[in-house]
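Please look over the protein shown here before reading the notes on its helices and selected residues.

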Amino acid sequence: MPRINADYREDAKKKIITAALAIATEQGWDAVTLENIAARVGVTKGALYSYFDNSEALEQHLILQMIRLIRDSFIECFSSEDEIHAALDRTAEFIFLQPKPFVPVFIQAIANIPKESAFLQNVSALFEENSALFIGAFERFRKKGQIPDAVDMAAAVRAIYAMTMGLGLMTHLLNKDPENAKKVWLSSVERILLLPDD
């Protein structure tokens with residue numbers, strides 16, 4: 001019986017997070033309230049406290065889930081292409097030009113990230129995990145001879161990560177031109193990875 005309860009709890013938490021993600025994507029980060037989430041899930045606001053201690057805990061779970069989903073989309077962009085320039089172009093489209101504003105919502109959320117130290121450690125650990133996955137994705141192109149051996153992959157991934165966050169912030173929070181951001185991102189990543197011109 002405890003196993004069923006544990007499975008039910010996990011399933012309910014996933015439904016709550018999925019509802020919160022849908023609200024964030026459709027209406028923006030500020031619309032992610034307990035009232036809106038409860039209405040979307042079809043429960044009372046009080047019922048949410050059965051799964052999350054408070055609104056901050058739910059928000060933290062949501063931010064961590066967004067980081068994972070964005071990471072998975074990046075990995076999909078790299079694993080579904082056989083040529084590095086095509087993979088980078090597909091990734092840039094996802095970051096800057098996608099019709100559903102998932103990345104912009106993440107940028108809004110991360111700009112208001114809770115400063116609780118345990119949560120920041122979780123975010124840091126997830127970024128480290130993501131970096132290792134991104135290095136693995138780039139290594140596939142290095143093995144094909146598309147990225148030079150001289151590239152320090154760990155340093156390159158950190159630089160790309162930081163630049164992506166900065167350009168994402170400028171584009172999605174400060175409303176700068178997404179086409180220009182895509183162009184800057186692509187040319188900068190190509191330089192970081194020491195790629196020859198197409």
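The model is predicted, with local features requiring pLDDT of at least 70 and side-chain atom pairs counted only at pLDDT 80 or more, whereas totals for chains, interfaces and linings use all residues. Residues are numbered from 1 along each chain as its sequence is written, and side-chain values use heavy atoms, with hydrogens and water left out. The protein has 9 helices and 0 strands, where helices (H or I, at least four residues) and strands (E, at least two) are DSSP runs numbered from the N terminus.

**Overall fold**

- Read along the sequence, the pattern is α-α-α-α-α-α-α-α-α.
- The C-alpha trace spans about 55 × 40 × 30 Å along its principal axes.
- The protein has 198 residues, of which 42% count as buried; buried means under 20% relative accessible area, exposed over 50%, and partly exposed in between, with a 1.4 Å probe and protein chains only.
- Among contacts between residues at least 6 apart in sequence, 70% join residues at least 24 apart, a contact being heavy atoms within 4.5 Å.

**Helix 4 with helix 5**

- Two packed helices are described by the angle between their axes and the distance between the axes.
- Helix 4 (residues 55-79) packs with helix 5 (residues 84-97) at an angle of about 150 degrees, and their axes are 8 Å apart.
- Axes here are lines fitted to C-alpha atoms, for helices over the stretch in contact, and angles run from 0 to 180 degrees between N-to-C directions.
- The two helices, helix 4 and helix 5, are therefore roughly antiparallel; angles over 145 degrees count as roughly antiparallel, under 35 as roughly parallel, 65 to 115 as roughly perpendicular and the rest as oblique.
- From helix 4, the residues I70, S73, F74, E76, C77 and F78 meet I84, A87, L88, R90, T91, F94 and I95 of helix 5.
- By class, the residues in this contact of helix 4 with helix 5 are 9 nonpolar, 2 polar and 2 charged; Ala, Val, Leu, Ile, Met, Phe, Trp, Tyr, Cys and Pro count as nonpolar, Asp, Glu, Lys and Arg as charged, and the others, Gly among them, as polar.

**Helix 4 with helix 7**

- The axes of helix 4 and helix 7 (residues 117-143) come within 10 Å and cross at roughly 5 degrees.
- Helix 4 and helix 7 are therefore roughly parallel to each other.
- The contact of helix 4 with helix 7 has 15 nonpolar, 4 polar and 4 charged residues.

**E59 in helix 4**

- E59 is located in helix 4 and is partly exposed, with a relative accessible area of 25%.
- Not counting residues up to four places away in sequence, E59 touches W29, N112 and P114.
- The C-alpha atoms of E59 and L34 are 9.7 Å apart in space, and the two residues are 25 apart in sequence.

- H172 belongs to helix 8 (residues 153-172) and counts as buried at 14% relative accessibility.
- A polar atom of the H172 side chain lies 2.8 Å from the backbone oxygen of I95.
- Leaving aside its neighbours within four places in sequence, H172 is in contact with I95, F96, V103, P104 and I107.
- Q146 is in the loop between helix 7 and helix 8, and a polar atom of its side chain lies 2.6 Å from the backbone nitrogen of I84.
- Beyond residues up to four places away in sequence, Q146 touches D82, E83, I84, F141 and L195.

- Q98 is found in the loop between helix 5 and helix 6 (102-111).
- Residues up to four places away aside, Q98 touches E93, V103 and P104.
- Q98 and P178 are 80 residues apart along the chain, with their C-alpha atoms separated by 9.9 Å.

**Positive phi angles**

- N175 is not a glycine but has a positive phi of about 60 degrees.
- N175 sits in the loop between helix 8 and helix 9 (178-192) and is exposed, with a relative accessible area of 66%.
- L194, also a residue other than glycine, has a positive phi near 55 degrees.
- L194 lies in the segment after helix 9 and counts as partly exposed at 46% relative accessibility.

Technical notes: A polar contact is a pair of N or O atoms within 3.5 Å; within protein, one must be able to donate a hydrogen and the other to accept it, and residues adjacent in sequence count only if both atoms are side-chain atoms.
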